Amino acid sequence: MRQPLLRRARGAGAAFKRWLFPPRELAAWHYACRVAAAVPRHTPGEIVLDGYRLAYADLLTLCPQWRDIFVDGALRFTSASNRPRILDCGANIGLAALYFKHLYPQARITAYEADPALAALCRRNLTSNGAGDVDVDAVAVWAHEGSVSFQKEGADSGAIEGTSVGLAAETMTVPSIRLRDVIARNPIDLLKMDIEGAEVTVLTDCLTALDNVHAMILDVHEFDPRHRRTPEVFDLLERAGFRVSMSNVVPLPWRSTAPVASPFPDNSDTWAVTVRAWRDQ
């Protein structure tokens, strides 16, 4: 009995210490949340978090991004190379690229962001925080090169028209690239994709080139209860030779266009889930 009691006591002591002296990243998140509570939505500004000077378009959406990336380590990965090649698809204001540069200072990163205003903030944040060597491309990642209609939401939910639901957004035309052509050219150590419902279309187009990708972190968005996409994503990845795992289900009840009666209160039939895929060494 003594050993389990000691382990529980040590665990409680460690938890109390984290509460009393939170890690810098967690303290920064608490600070950002306090500031966000007093700032109206979609109000541009700048904030310093754990030494990073960050320009933002909407502080309330920066807060969960910071928590996911810098506190919870949702994008943590290991690479055999100290100069991994990384594609950041759906870069938003650049937090993911900054985190990758924290993990691997010599990483070779291309960040893609379709919203031109967010792409400008991404470039500004990377440059002002010592990551100016990251290439920022203000384009939509898609299944063909040219242009697409894009719903500019202004924060973190912009999407190619027809791939998402429930957005109150301005529609504009933005340049697009065919992701398949990019990954076919050179090996990719990590493909990070958060493209708001376009992931199945893009992955399907990329299928014959995925041999060039070693690992992926994907946000899969389930906006349509009648047509679940996660099984399709798993099937595509397994056909391409990847092992897969799933975590971090985030309910998105405000994105449902036709809520249905359910015996489960507070249940959401729309959500986003993180899928990780990798090849055996």
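**Labels and their cut-offs**

Mentor: The chain has an accessible surface of about 14300 Å², and 54% of that belongs to carbon and sulfur atoms. Such areas come from the Shrake-Rupley method with a 1.4 Å probe; for residues, only the protein chains shown count as cover. This is a predicted model: local features need pLDDT of at least 70, side-chain atom pairs count only at pLDDT 80 or more, and totals for chains, interfaces and linings use all residues. Residues are numbered from 1 along each chain as its sequence is written, and side-chain values use heavy atoms, with hydrogens and water left out.

Trainee: How many helices and strands are there in the chain?
Mentor: Eight helices and 13 strands. Both are DSSP runs numbered from the N terminus: helices are H or I with at least four residues, strands are E with at least two.

Trainee: Why does Thr274 count as buried?
Mentor: Buried means under 20% relative accessible area; exposed is over 50%, and partly exposed lies in between (1.4 Å probe, protein chains only). Thr274 has 9%, so Thr274 is buried. Thr274 is found in strand 13.

Trainee: What does Thr274 touch?
Mentor: Leaving out residues up to four places away in sequence, Thr274 touches Ile217, Leu218, Asp219, Ser245, Met246, Ser247 and Asn248. Contact means heavy atoms within 4.5 Å.

Trainee: Why is Ser157 called buried?
Mentor: Its relative accessibility is 12%, so Ser157 counts as buried. Ser157 is in the loop between strand 7 (146–152) and strand 8 (159–160). Ser157 and Asp115 are 42 residues apart in sequence, and their C-alpha atoms are 10.0 Å apart in space. Of the chain's 281 residues, 45% count as buried.

Trainee: What makes two strands a pair?
Mentor: DSSP must find at least two bridges between them. Strand 11 (residues 213–222) and strand 13 (residues 271–278) have eight bridges, in the antiparallel sense. Met216 has Ala277 in strand 13 as its bridge partner. Strand 12 (residues 243–251) pairs with strand 13 over seven bridges, also antiparallel. There, Ser247 is partnered by Thr274.

Trainee: Which strands run parallel over three bridges?
Mentor: Strand 4 (residues 108–112) and strand 5. Ala111 stands opposite Val136 in strand 5.

Trainee: In what order do the seven strands of the open sheet lie?
Mentor: The order is 5-4-3-10-11-13-12, with mixed pairing. Strand 5 (135–137) and strand 12 are the edge strands: each pairs on one side only. Neighbouring strands are turned by 15° against each other on average, direction ignored.

Trainee: Why is helix 2 called roughly antiparallel to helix 3?
Mentor: Axes are lines fitted to C-alpha atoms, for helices over the stretch in contact, and angles run from 0 to 180 degrees between N-to-C directions. Under 35 degrees is roughly parallel, over 145 roughly antiparallel, 65 to 115 roughly perpendicular, and the rest oblique. The axes of helix 2 (residues 24–36) and helix 3 (residues 59–71) come within 9 Å and cross at roughly 170°. That makes helix 2 roughly antiparallel to helix 3. The contact includes Trp29 and Cys33 of helix 2, and Trp66 and Phe70 of helix 3.

Trainee: How do the residues of that contact divide?
Mentor: Into 13 nonpolar, no polar and two charged. Nonpolar covers Ala, Val, Leu, Ile, Met, Phe, Trp, Tyr, Cys and Pro; charged covers Asp, Glu, Lys and Arg; the others, Gly among them, are polar.
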